[in-house]
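Here is a short walk through a protein model, meant to be read with the viewer open beside it.

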Amino acid sequence: MDALELTRSVVSLETPTGSENAATTLLEETLRRAGYKTVRQTVTAGRDNLYAYRETPALVFSTHLDTVPPYIPLREDTESIHGRGSCDAKGLAAAMVVASERLAARGERRIGLLFLVGEENGSDGARAAADLGPKGRFLINGEPTENRLSVGQKGSLRVDLTATGRAAHSAYPDEGVSAIAALLDTIERIRGLPLPHDPLLGQSTLNLGLIGGGVAPNVIPPAASAQLLIRIVEPSEPLKAAIRSALSPGVSVEFPVELPFYKGGTAPEGWDTTVVSYASDLPFLSAWGERYQLGPGTIRVAHPSHEHIRKADLLRGVDLYERLASDLLSRS
């Protein structure tokens, strides 16, 4: 198989989270023709994970087929393939298929291919995949790591703040209670909290992403809200407790989304390693054995309108997937 041609085929399909099955079907048909046994696992109505293998796997390649919106059509120049999913992560799926074929041509047929839905919105496909089998000893998850072997990733904690006050005419501020003032005081205290540092994963970081409230400049604001995102590197309960203690009167907090951090196994000798600050399916795939993350492309272009992957990086990714699988399987 040709990694560039397969990338073109999958990127040409519009598959945002919730509507992934066109890509699932294309890869299922491709792999069946190549002699793989394929299993489709329903995650929600009309959305399936795909698992393919020839012999009982010792190692599984995995990545996701869903993309963020909006759809960006496939286009190409001499250096890169452009379009939604080219970098995150359809090009990586194509590279994994070709690496698996190369390994099979060398006699290594204990390779599985696991293609998941839902990574961009809660990883429901990865969570469901715990019920699939047979599983191997190793899993290589595909995310754009600039072709460096990732041995860990930060998690994330969303912090939703809601402030309630009492409206009044701004000429008589003593008759009202400003929800915005209470919210800002709370945010300032949260921003002043010491955030943890991990020797492998690095420093936790905080982003104030959304803030809103109020009625008009001459009205004491009765309501306000904000959303923050913290990249976490250790268990979150102490941080949650500290945030709760920072709340002003009239301010409440919820933690609606939390994605765990992950610290992986020992990298094979000779690999250029890194850790990443973004979330992925990897923490939810613990049932699949010793886990690593690797892929061509850079996360910095994964979601904007100029998403693309360099052809040379993609082809180098095929080589690295084949090499990493060989290195890991040499341990078994």
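In which kind of crossing, left-handed or right-handed, does helix 1 pass helix 7? The crossing is right-handed. Before we look at that pair in detail, please keep in mind that this is a predicted model.

Let us begin with the overall picture. The protein has seven helices and 19 strands. Its C-alpha trace spans about 80 × 40 × 40 Å along the principal axes. Of its 332 residues, 51% count as buried. The accessible surface comes to about 14,000 Å², and carbon and sulfur atoms hold 51% of that area.

Now back to the helix pair. Two packed helices can be described by the angle between their axes and the distance between those axes. For helix 1 (residues 3-11) and helix 7 (residues 311-329), the angle is about 110° and the axes are 10 Å apart. An angle from 65 to 115 degrees counts as roughly perpendicular, so helix 1 and helix 7 are roughly perpendicular to each other. On the helix 1 side, the contact is made by A3, L4 and T7, and these meet K311, L314, L315 and V318 of helix 7. Sorted by class, this contact of helix 1 with helix 7 has five nonpolar residues, one polar and one charged.

Helix 1 has another partner to look at. It packs with helix 2 (residues 21-33) at an angle of about 145°, and the axes of these two helices are 9 Å apart. Here helix 1 contributes L6, S9 and V10, while helix 2 brings A23, L26, L27 and T30. The classes in the contact of helix 1 with helix 2 are five nonpolar, two polar and no charged residues.

You will find P221 in the loop between strand 12 (205-213) and strand 13 (223-232).

Definitions and conventions: Residues are numbered from 1 along each chain as its sequence is written. This is a predicted model: local features need pLDDT of at least 70, side-chain atom pairs count only at pLDDT 80 or more; totals for chains, interfaces and linings use all residues. Side-chain values use heavy atoms; hydrogens and water are left out. Helices (H or I, at least four residues) and strands (E, at least two) are DSSP runs, numbered from the N terminus. Axes are lines fitted to C-alpha atoms, for helices over the stretch in contact, and angles run from 0 to 180 degrees between N-to-C directions. Angles under 35 degrees count as roughly parallel, over 145 as roughly antiparallel, 65 to 115 as roughly perpendicular and the rest as oblique. A crossing is left-handed if the near helix is turned anticlockwise from the far one by less than a right angle, and right-handed if clockwise. Contact means heavy atoms within 4.5 Å. Ala, Val, Leu, Ile, Met, Phe, Trp, Tyr, Cys and Pro count as nonpolar, Asp, Glu, Lys and Arg as charged, and the others, Gly among them, as polar. Buried means under 20% relative accessible area, exposed over 50%, partly exposed in between (1.4 Å probe, protein chains only). Accessible areas come from the Shrake-Rupley method with a 1.4 Å probe; for residues, only the protein chains shown count as cover.
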